[in-house]
Amino acid sequence: MDFIDVMANARYELIGEILGKSIERVSKPKSFSDLVDVVVLDKYLGIPIFLTLMWAAFQFAFSVSAPFSDAIDIFFTSAADWAKANIPNEVLASLIGDGVFGGLGFVLVFLPPIAFVFIALAILEDTGYLPRAAFVMDRAMTKVGLHGKSFIPMLLGFGCNVPAIMACRTMENEVDRKITIMVNPLMSCSARLPVYLLFAGAFFAGYEGTVIISMYLLGIILAAIMAKVIRKFFFGGEPSPLLMEMPDYSMPTVKSVLTSAWIRTQIFLKKAATILFIGAVIVWFLSVFPWDATNGGEVLENSYAALIGRAVEPIIAPLGFDWKAGVALFTGFMAKELVVGTLGILYGVESEEAIIDAIAHDFNPITALALMTITLIYLPCLATFGVLKRELGEWKLVGLIIAYELLLAYIVAAIIVGIGCFIEVM
Amino acid sequence: MKAYMIVIFLATFGIGSAEIANGIGAEIAFIPADIVGGMAMVVISAIFLRGVVSEESKACYYVGSVILAVFGVLYILVMLAESASCIMAGEEVTISVRPETLTLLLAFPGVLAMKKEISIL
């Protein structure tokens, strides 16, 4: 227990003493919030209720958003076909059709599920449930070496790791703050969602929701393990206790929910218009040039992208991946959404259905699960990398994050492939 | 209220267990194979069971009914989304009704009673 906690405890003891002397307690009927909290904060039901609501949120995001994604898919596929059929210059037609509409359109297909995740989180936030979730998770968080207040930054990490890491500034204890920052990149941000949606849809039809939530749970479990390891070997001490006030429950309004979701979705849209657009054009360039050698993008094996992919291939080949997966993971360092955008361009397809058919040749359910896991764990994106350096202030700790994430990604993916092969043999 | 909670407990537990059973290979008619969805229904049933055996029955009745209603509405939205996707793809619309949409009816009395309680408070 550090100085701040000793002071807080002493302050609350004194407050209790003064209140005891100056206030006469009368029995008061329970408020509505107290009534609900009896169940929601229950020792045994609290965590199952939290997990049930989170699962409902992801089912809502994945299943209900599907027709909107289909509409975007139809639009970009038609636009790409139109561009390739009507632009006379071959290179320009390929750039606009495959690079811009193909690459960018393929990422924008995942805008609706991301927006729906934010709508669900905004509803939970506006009802006043999220602080309760922090309280419910406090015991579990403390057990794994994190602080109760770590829960909110960790939850924000489901949206984007950049604001989540910045939200750690609210934590007073420096050690708790650093540990939370160091494990935050393991929380599955919305940029990884397109990768899960693509591979879960292609290889686990009917169980997409379950597979996707298992990725989120895997991230939470690994963050818990790493927090324990980092505290034990690099910092020491115990997490400080959680003190927080619960707001009353309230009915969220449509306007506040949509405004909150829109503000968060705008981050993705801005990224799509800048980093993802540039990324799509770079990947297009790497996959079609040298123009003559690739025959205008027809023979990918001769492209610059293949050169990069083959350099990475020896490392990832034992996991069952080829050079295309290597290029996708390489570009994923810029922004995680680029993993799917890159695969779309490399396989030369615009629609979601076509990419599912294409990746079915190079992946199977085991390698698909391994790729999803690597995307979850390996290197944080460029923006997160910058924020990590700023918030931690030490290259040593940033280097430690990169080292443990790369190693962990490889080990977990190897375990998945190993178990998968063992089951196949059985 | 407790008798009604026992009815909801039996319905939700039955549906949840059947969904889990189908998920691991059983073939119970009209029930989808969905292990996690089934576990969610079992959690809801546990809230009602807790209300039956404890003194906090009103709180469990309200919270359980709200979560049950959330799931009912969720699966209605999923049903509508699937129909919309079929229409856009030019396929024949097939509606698969999940049992959770029917349990929405069981949640109504609890949700309405809770609404009344909020207006009194």
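Predicted model: local features only at pLDDT ≥ 70, side-chain atom pairs only at ≥ 80, totals over all residues.
**View 1. Where chain B meets chain A.**
Let us start with the place where the two chains touch. The contact draws 29 residues from chain B and 27 residues from chain A. Together the two sides bury about 2,400 Å², and carbon and sulfur atoms supply 81% of that area. On the chain B side, look for Val36(B), Leu74(B) and Met88(B): these residues lose the most area to chain A, together 20% of what that side buries.

**View 2**
Which kinds of residue make up the side of chain B that touches chain A? The rule finds two residue pairs in polar contact across the interface of chain B and chain A, both at pLDDT 80 or more. Three elements of chain B each give two or more residues to its side of the contact: helix H2 (35–53), helix H3 (57–88) and helix H4 (99–120). H3(B) gives the most, with 15 residues. Sorted by class, this side of chain B has 22 nonpolar, two polar and five charged residues.

**View 2. One salt bridge between the chains.**
How many salt bridges are counted between chain B and chain A? The count is one. Here the side chain of Arg50(B) meets that of Asp42(A), at 2.4 Å from N to O. Arg50(B) sits in helix H2 of chain B, while Asp42(A) sits in the loop between helix H2 (32–40) and H3 of chain A, so the pair joins two chains. Are the two partners buried or partly exposed? Arg50(B) is partly exposed, with a relative accessible area of 24%, whereas Asp42(A) is buried, at 13%.

Among the buried residues are Trp323(A), Lys324(A), Val327(A) and Leu329(A). At the start of the helix, a side-chain oxygen of Asp322(A) comes to within 3.2 Å of the backbone nitrogen of Lys324(A). The side chain of Lys324(A) also meets that of Asp362(A) in a salt bridge, at 3.7 Å from N to O. Lys324(A) belongs to helix H16 and Asp362(A) to helix H18 (residues 352–362) of chain A, so this pair ties together parts that are 38 residues apart in sequence. Lys324(A) is buried because its relative accessible area, 12%, is under 20%. Asp362(A), with 30%, is partly exposed.

Over all chains, the structure holds 11 salt bridges. In this view, Arg98(B) and Glu19(B) form one, with their closest N and O atoms 3.3 Å apart. Arg98(B) is in the loop between H3 and H4 of chain B and Glu19(B) is in helix H1 of chain B, so the pair ties together parts that lie 79 residues apart in sequence. Both Arg98(B) and Glu19(B) are buried. Which residues are linked in a network of salt bridges? They are Glu19(B), Asp34(B), Arg98(B) and Glu100(B).

**View 6**
In one of them, the ring centres of Phe60(A) and Phe116(A) are 5.2 Å apart and the planes are at 40°, so the pair is tilted. This pair links distant parts of the chain, with Phe60(A) in helix H3 (residues 46–64) and Phe116(A) in helix H6 (residues 111–127) of chain A, 56 residues apart. Phe60(A) is buried at 17% relative accessibility, and Phe116(A) is buried at 13%. Now compare Tyr4(B) and Tyr61(B): their ring centres are 6.2 Å apart and their planes are at 80°, so this pair is edge-to-face. Tyr4(B) comes from helix H1 (residues 2–23) and Tyr61(B) from helix H3 of chain B, 57 residues apart. Tyr4(B) is partly exposed at 26%, while Tyr61(B) is buried at 7%. Back in chain A, Phe199(A), Phe203(A), Phe321(A) and Phe363(A) form one aromatic cluster.

**View 3. The surroundings of Ser83(B).**
Ser83(B) has its place in helix H3 of chain B. Ser83(B) is buried, with a relative accessible area of 13%. Leaving aside neighbours within four places in sequence, Ser83(B) is in contact with Val93(B) and Ile95(B).

Terms used:
Residues numbered from 1 in each chain as written. Chains lettered and ligands numbered in written order. Heavy atoms only, no water. Contact = heavy atoms within 4.5 Å. Buried area = accessible area lost by both parts, 1.4 Å probe. Salt bridge = Lys/Arg side-chain N within 4 Å of Asp/Glu carboxyl O. Polar contact = N/O pair within 3.5 Å; in protein donor to acceptor, adjacent residues only side chain to side chain. Helix = DSSP H or I, 4+ residues; strand = E, 2+ residues; numbered from the N terminus. Nonpolar A, V, L, I, M, F, W, Y, C, P; charged D, E, K, R; others polar. Buried < 20%, exposed > 50% of the residue type's maximum accessible area, 1.4 Å probe, protein only. Phe/Tyr/Trp six-rings, centres within 6.5 Å; stacked < 30°, edge-to-face > 60°.
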